[in-house]
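My notes follow in the order I took them.

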Amino acid sequence: MANSQSLCTSFLGELMTSTHNFGTAPVRAVSTADTFKGALFLASATINASTTVYTTTGEVTGTNYTAGGVTLTNANAPTSANTSPTAGTAYWTPSASVTYANVTLSTAFDTMLMYNSSQGNKAVGVFTFGSQTITAGNFTLTMPTNTSSLALIRLSTT
């Protein structure tokens, strides 16, 4: 089975219960943003919309790669924009590219799972890219511009 890109179904439901906090929350007891991480997964793994939490099953292993991946830089506040009286978009993107420094990952990988390490490692989204390996180098995922049409996470109504 292959990995497939999607927001995780559990994440969509958890938005309604304020489980995840990408910015300062006025209602929660803790008003700081949660910590989000990005873990890499093998091309042979099965990470998809039904993934509910981070798991080590299918995660890459290699030199200088730590299980659980890296912490995503979260300096962008969640943003929303109305495009009409009945339509709008809420969006968020990590504020810096995601870099795995000086790693050797010799088994093909093609996926990053974003998850919320502040909330029981709950899954947020599965992001796929071309299958690759790397030897003693930096692997960087360049984040898109944080706009309503390009952001990494976009929720819209019409």
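**Aspartate 110 and its surroundings**

I started with the side chain of aspartate 110, which makes a polar contact of 2.8 Å with the side chain of threonine 111. I note that this is a predicted model. I placed aspartate 110 in strand S6, residues 98–116.

Next I checked for a charge partner. Aspartate 110 is buried but has no salt bridge. The nearest side chain of opposite charge is arginine 154, 19 Å away.

I then listed contacts, leaving aside neighbours within four places in sequence. Aspartate 110 touches Asn3, Phe41, Leu42, Ala43, Phe127, Thr128, Phe129, Gly130 and Ser131.

**Aromatic rings**

I searched the whole structure and got 7 aromatic pairs. One of them joins phenylalanine 109 and phenylalanine 129 edge-to-face, with 6.1 Å between centres and 75° between planes. That pair links strand S6 to strand S7 (residues 122–141), across 20 residues.

Why is the pair of phenylalanine 109 and phenylalanine 139 edge-to-face? Their planes stand at 85°, and the cut-off is over 60 degrees. Their centres are 5.0 Å apart.

Phenylalanine 109 counts as buried because its relative accessibility is 0%. Phenylalanine 139 is buried as well. I found Tyr65, Tyr100, Phe109, Phe129 and Phe139 in one aromatic cluster.

**Whole chain**

I counted 1 helix and 8 strands. From the N terminus, the order is β-α-β-β-β-β-β-β-β. Of 158 residues, 39% count as buried.

How values were computed:
Residues are numbered from 1 along each chain as its sequence is written. This is a predicted model: local features need pLDDT of at least 70, side-chain atom pairs count only at pLDDT 80 or more; totals for chains, interfaces and linings use all residues. Side-chain values use heavy atoms; hydrogens and water are left out. Helices (H or I, at least four residues) and strands (E, at least two) are DSSP runs, numbered from the N terminus. Buried means under 20% relative accessible area, exposed over 50%, partly exposed in between (1.4 Å probe, protein chains only). Lys and Arg count as positive and Asp and Glu as negative; His and the chain ends are not counted. A salt bridge is a side-chain nitrogen of Lys or Arg within 4 Å of a carboxyl oxygen of Asp or Glu. A polar contact is a pair of N or O atoms within 3.5 Å; within protein, one must be able to donate a hydrogen and the other to accept it, and residues adjacent in sequence count only if both atoms are side-chain atoms. Contact means heavy atoms within 4.5 Å. Rings of Phe, Tyr and Trp (its six-membered ring) pair if their centres lie within 6.5 Å; planes under 30 degrees apart count as stacked, over 60 as edge-to-face and the rest as tilted.
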